Amino acid sequence: MKILITGGAGFIGAHVVKRFVRNYPNYQIVNLDKLTYAGNLENIKDIEKEPNYQFVKGDISDLEFIRGLFKEHQFDGVIHLAAESHVDRSITDPLAFVTTNLVGTAVLLQVAKENWKADYSGKLFYHVSTDEVYGSLGAEGFFVEDTPYDPRSPYSSSKAGSDHLVRAWHHTFNLPVKISNCSNNYGSYQFPEKLIPLFINNIIHNKPLPVYGEGVNVRDWLFVEDHAAAIDVIFHKGEMGETYNIGGNNEWRNIDLIKVLCKQMDEKLGRDEGTSEQLITFVKDRAGHDMRYAIDAAKLMNDLGWAPTVTFEQGLSKTIDWYLSNQEWLDNITSGAYKDYYDAQYVNR
Ligand code: NAD
Ligand code: DAU
């Protein structure tokens, strides 16, 4: 089987690419990534010499380039992760999200259809999406697979649109598709613009921890390797045309999560308890900040037997250990080639 994985130099994509390259030596994996600020070849350097792996630099929204790539490789499957992924950046630069998340997804669908339409057997277009498409919850309830879509940020709207495009190509052209919608991920190789790696980096350097609003927004956190395992299970065992929610039943108010993070950081850095918490600084809220996300993953767990493998405290501890042992990776982003992009995230504050 020859599989195209898009966005494999990013955070989740790197974990998915490594898992597929290592666990399925009989598959040929082509990793297509534009290497935006969020793409980093360091994330996948441990597999770059594997015989069943190839990296290609390119843009998913470039129709003729994608046509050429399919012609050259004759892919049987696509696992589509490439996206503009950061909500704050979608507030400052929304058009990039429309181009990559909407146009890019449509281009991939159309080229897959052009190549596969003579015989769809053994083919699969797997689209990786987010729980943010369902909108924002109040204090009660969970997102299930048929919760109506209600996206509210440019990021979540572009992802919701991409999900609709995938379903449209399935219903109109019979393209074999699967979709998953996952909650907030954390773990190694996450760009330090997202809450957990940003705050780890700031604690290391004694910089303020900018908590939006009052810190009472709730997110449902999942260790990235558990997300990669879920994608593996859905890719191989999920029903064609189906959607699966992925989440670890692990809700935290931001401020409570940040306090746990501060405590673990103090312990690991040998600082007095309470030191890191003093860095907490309440700042202007994110525009349109969704209040609460919570995933009901019963369908995935009951039908396909997936379950998360770590508790949040275990996953967070592993994550902190990774960033402390890989500070050069962080420093290369915050002060090296990615510095301008990294600094740009503060524009919105
Ligand atoms: P990321 O920003 O870390 O990585 C995105 C990757 O896509 C980067 O390597 C980037 O270079 C690449 N890319 C961007 N535009 C491209 C283009 N036009 N052509 C080719 N490559 C391009 O993102 P992530 O956090 O790893 O998210 C991966 C996917 O999972 C996204 O589709 C995202 O919506 C989804 N998702 C993320 C989370 C999360 O918590 N991070 C949760 C649920 C779903
Ligand atoms: O739910 C899945 C989504 O999770 C993914 O689709 C997105 O790609 C991913 O970025 C993530 O979106 P969030 O907006 O929830 O993640 P972020 O890490 O940006 O923020 C988590 C929470 O922390 C959110 O309520 C905003 C808050 N926050 C974030 C940052 C960066 C702060 O209070 N301060 C910050 O500096």
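Author: Let us begin with residue classes: Ala, Val, Leu, Ile, Met, Phe, Trp, Tyr, Cys and Pro count as nonpolar, Asp, Glu, Lys and Arg as charged, and the others, Gly among them, as polar. This is a predicted model, in which local features need pLDDT of at least 70, side-chain atom pairs count only at pLDDT 80 or more, and totals for chains, interfaces and linings use all residues. Residues are numbered from 1 along each chain as its sequence is written, chains are lettered from A and ligands numbered from 1 in the order in which they are written, and side-chain values use heavy atoms, with hydrogens and water left out.

Reader: How many cavities of 30 Å³ or more does a search of the whole structure find?

Author: Rolling a probe the size of a water molecule over the atoms shows where empty space is left. On a 1 Å grid over the protein atoms alone, a cavity is a set of points where a 1.4 Å probe fits but cannot get out, and lining residues have an atom within 4 Å of a point. Points are joined across faces, edges and corners, and a volume is the space filled by probe spheres set on them. Here the search finds three cavities of that size. The second largest cavity holds about 50 Å³, and its lining comprises two nonpolar, three polar and five charged residues. Among the lining residues are Glu132, Arg152, Arg219, Arg286 and Asp290.

Reader: Which residues come nearest to ligand 1?

Author: A residue is near a molecule if one of its heavy atoms lies within 4 Å of it. Of 28 residues around ligand 1, the nearest are Ile12, Asp33, Ser85, Tyr155 and Lys159. By class, this shell has twelve nonpolar, twelve polar and four charged residues.

Reader: What surrounds ligand 2?

Author: Ligand 2 has 25 residues around it, the closest being Thr130, Asp131, Tyr155, Arg286 and His289. A polar side-chain atom of tyrosine 155 lies 2.6 Å from an oxygen atom of ligand 2. The protein buries 94% of the 690 Å² that ligand 2 exposes when taken alone.

Note on methods
On a 1 Å grid over the protein atoms alone, a cavity is a set of points where a 1.4 Å probe fits but cannot get out, and a pocket is an open set with protein on both sides within 12 Å along at least five of seven lines; lining residues have an atom within 4 Å of a point. A polar contact is a pair of N or O atoms within 3.5 Å; within protein, one must be able to donate a hydrogen and the other to accept it, and residues adjacent in sequence count only if both atoms are side-chain atoms. Accessible areas come from the Shrake-Rupley method with a 1.4 Å probe; for residues, only the protein chains shown count as cover.
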